[in-house]
Amino acid sequence: MVTRSFSLKNPKSRVIFVTVLLTSLILASCNTPPTPSPEAQIQAAVAATLASMPSVTPQPLPTMAPSPTPFSLEGIFCEYGFCIGHPQDFYLVDQGATRQPPVASTFGYGILFGYSQTLFIQIAWTTSEPNFDPQLTMRDILEEQENLQGSLDAQLIGKLNVFYQPINTVTASLPFGGIAAWQCGGRDFAWKIYTPQDGMASALLKQAVEKFRCQGQ
């Protein structure tokens with residue numbers, strides 16, 4: 001048996017070696033993944049970054065919150081476009097509702113009253129005239145037996161110019177009285193009180209007017 005050695009000096013051997021080398025290089029190049037372009041790498045990185053970012057939580061729609069009440073509603077009567085203070089455990093009702101048949105007050109005219117063993121309060125209002133006369137407004141709720149006493153006192157309570165004057169009363173159990181008048185929002189208001197002790201009227205007037213609000217004020 002004859003054995004032939006492989007030598008690059010042999011022309012046939014060189015051809016075979018070159019052929020095998022080229023074939024190996026071709027096969028190796030087929031298995032190597034192509035290098036992506038820089039532009040493709042950047043696009044992939046941007047896409048990965050965006051995918052990893054958390055989604056933005058949508059802002060809740062605004063809801064209409066009730067406007068805060070500027071003062072406690074305890075000890076306040078609110079109706080007919082105005083609010084006015086009164087003592088605790090003392091209630092004001094529409095005087096027209098006690099008539100037969102009942103006649104409710106309106107925005108332009110009405111009367112309220114409240115009564116207990118130690119207090120009587122009455123409030124009236126009407127549409128303002130061109131010229132405001134506080135004593136004429138007071139007389140709208142004066143009874144025939146009642147009269148203005150002393151002098152008219154003007155005082156600023158909150159933002160309101162309030163006129164006050166003492167009166168005599170028609171009941172022996174509540175002998176001290178006073179009446180006041182002011183304007184607000186195109187209406188004239190009158191406030192009357194009977195008390196068992198002298199000096200109470202002014203303090204209760206201040207309490208009522210400090211909590212007073214009217215439509216258009």
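This is a predicted model: local features need pLDDT of at least 70, side-chain atom pairs count only at pLDDT 80 or more; totals for chains, interfaces and linings use all residues.
Student: Which way do β5 and strand β9 pair, and over how many bridges?
Tutor: β5 and β9 (residues 187-195) pair in the antiparallel sense over eight bridges. Strands here are DSSP runs of E with at least two residues, helices are runs of H or I with at least four, and both are numbered from the N terminus. Two strands pair if DSSP finds at least two bridges between them.

Student: What is the partner of Gln122 in β9?
Tutor: The bridge partner of Gln122 in β9 is Lys192. Gln122 also stands opposite Phe113. On that side, strand β4 (residues 109-116) is joined to β5 by eight bridges, and the two run antiparallel. β4 and β5 form a hairpin with two residues between them.

Student: Why is β5 said to be largely enclosed?
Tutor: Seven of the nine residues of β5 (residues 119-127) are buried, so the rest of the structure largely encloses this strand. Buried means under 20% relative accessible area, exposed means over 50%, and partly exposed is in between, with a 1.4 Å probe and protein chains only.

Student: Rings next. How many aromatic pairs does a search of the whole structure find?
Tutor: The search finds 10 aromatic pairs. Rings of Phe, Tyr and Trp (its six-membered ring) pair if their centres lie within 6.5 Å; planes under 30 degrees apart count as stacked, over 60 as edge-to-face and the rest as tilted. The rings of Phe120 and Tyr194 have centres 5.1 Å apart and planes at 40°, so this pair is tilted. Phe120 is in β5 and Tyr194 in β9, so the pair ties together parts that are 74 residues apart in sequence.

Student: Phe120 and Tyr194: buried or exposed?
Tutor: Phe120 is buried, with a relative accessible area of 16%. Tyr194 counts as buried too, at 5% relative accessibility.

Student: Changing topic. Which residues of helix α4 are buried?
Tutor: In α4 (residues 200-210) they are Ala201, Leu204, Leu205, Ala208 and Val209. Seen down the axis of α4, they fall within an arc of 130°, so they line one face of the helix. That arc is taken from the directions from the helix axis to the C-beta atoms.

Student: What about the largest nonpolar core, which residues touch the most other members?
Tutor: Of its 28 residues, those are Phe82, Ile84, Trp182, Trp191, Leu205 and Phe212. The largest share of this core, five residues, comes from α4. A nonpolar core is a set of buried Ala, Val, Leu, Ile, Met, Phe, Trp, Tyr and Cys residues joined through side-chain atoms within 4.5 Å.

Student: Last one. What pLDDT does the protein average?
Tutor: The average is 77, and 65% of the residues score at least 70. pLDDT is the predictor's confidence in each residue, from 0 to 100. Over residues 41-71 the pLDDT is below 50, and beyond near neighbours in sequence this stretch has five contacts in the model. Contact means heavy atoms within 4.5 Å.

Key: Residues are numbered from 1 along each chain as its sequence is written. Side-chain values use heavy atoms; hydrogens and water are left out.
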